[in-house]
Amino acid sequence: MAISITRELFLADRQGRTFADVVNSSARPFAAALEFFDSDDRQHRMEESEIHHDRAPLAGVVRELESVPSINRFLGRIHPRRSQRFRQAIGVLIRMIMEQRGWEKTGRKGSLGVRNTSAAGRPRHNSGGLAFWFLRAERYKNKQRKPFTSARKRCRDMESIRPRGPRRNNVRKSRPDSHSVLDD
């Protein structure tokens, strides 16, 4: 079931209230963001992003979020400070949803893109990575579920139980060539 965050709930949150300028501005599409995240499918993809892809929840929906016309238009304008505040408010909204779904912040950030070196008078965006407008996002851990072991840790564990002696030489035994003709 989707966690529904309303404008009022957002403004009642300890961090949300610090973004009243973003919520109350008609120029900022925060209502579109609230509507976007009020979806069980998207919230499920946010969780799946952490569980199965080892990426921040925003990574599971960021391309779809950035394709919302009003959000894309707003982020494409040249207002670095207002754009940053809007993106931070999205982070607070995601935290509220994830916490209500049984997750907690890890204190780490995950990369969503590589920032482009933009020229003066141009909006700041990414030149590579998953997202075009978002650079990084908070990582979460589930309070009830133990995370899957990373490939790096599994590799270290496997190497620690293998003997460190010389490697076996896997030389194939030669077979007679089936195409050669034997002299009688």
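This is a predicted model: local features need pLDDT of at least 70, side-chain atom pairs count only at pLDDT 80 or more; totals for chains, interfaces and linings use all residues.
1. Although Q84 and F134 are 50 residues apart in sequence, their C-alpha atoms are 9.3 Å apart in space.

2. As general background, nonpolar side chains in soluble globular proteins tend to be buried together.

3. What does L93 touch, once residues up to four places away in sequence are not counted? The partners of L93 are I5, F10, F30, A33, L34 and F37, and of these, F30, A33, L34 and F37 are listed among the buried residues of α3.

4. Helix α3 is mostly covered, with six of its eight residues buried, namely F30, A32, A33, L34, F36 and F37. These buried residues pack against α1 (7-12), α2, α4, α5, α6 and α7.

5. F36, which is found in α3, counts as buried because its relative accessibility is 4%, and buried means under 20%. When its neighbours within four places in sequence are left aside, F36 is in contact with R42, V61, E64, L65 and V68. For one of these contacts, L65, the C-alpha to C-alpha distance from F36 is 7.2 Å, while the two residues are 29 apart in sequence.

6. Turning to charged pairs, the structure holds 14 salt bridges, and R139 takes part in one with E50, the closest N and O atoms being 2.8 Å apart. This pair links distant parts of the chain, as R139 lies in strand β4 and E50 in helix α4, 89 residues apart; both R139 and E50 are buried.

7. R139 forms a salt bridge with D54 as well, again with the closest N and O atoms 2.8 Å apart, and this pair too links distant parts of the chain, D54 being in the loop between α4 and α5, 85 residues from R139. Are the two partners buried or exposed? R139 is buried, with a relative accessible area of 8%, whereas D54 is exposed at 51%.

8. In helix α8 (residues 151-161), D157 and K153 are four residues apart and therefore separated by about one helical turn, and they form a salt bridge whose closest N and O atoms are 3.0 Å apart. D157 counts as partly exposed at 35% relative accessibility, and K153 is partly exposed with a relative accessible area of 40%. Elsewhere, salt bridges that share partners join D41, R42, R45 and E64 into one network; R42 and E64 are also among the contacts of F36.

9. N142 lies in strand β4 and is buried, with a relative accessible area of 14%. The side chain of N142 reaches the backbone nitrogen of Q144 at 2.8 Å, and, not counting residues up to four places away in sequence, N142 touches G102 and W103.

Definitions and conventions
Residues are numbered from 1 along each chain as its sequence is written. Side-chain values use heavy atoms; hydrogens and water are left out. Contact means heavy atoms within 4.5 Å. Helices (H or I, at least four residues) and strands (E, at least two) are DSSP runs, numbered from the N terminus. Buried means under 20% relative accessible area, exposed over 50%, partly exposed in between (1.4 Å probe, protein chains only). A polar contact is a pair of N or O atoms within 3.5 Å; within protein, one must be able to donate a hydrogen and the other to accept it, and residues adjacent in sequence count only if both atoms are side-chain atoms. A salt bridge is a side-chain nitrogen of Lys or Arg within 4 Å of a carboxyl oxygen of Asp or Glu.
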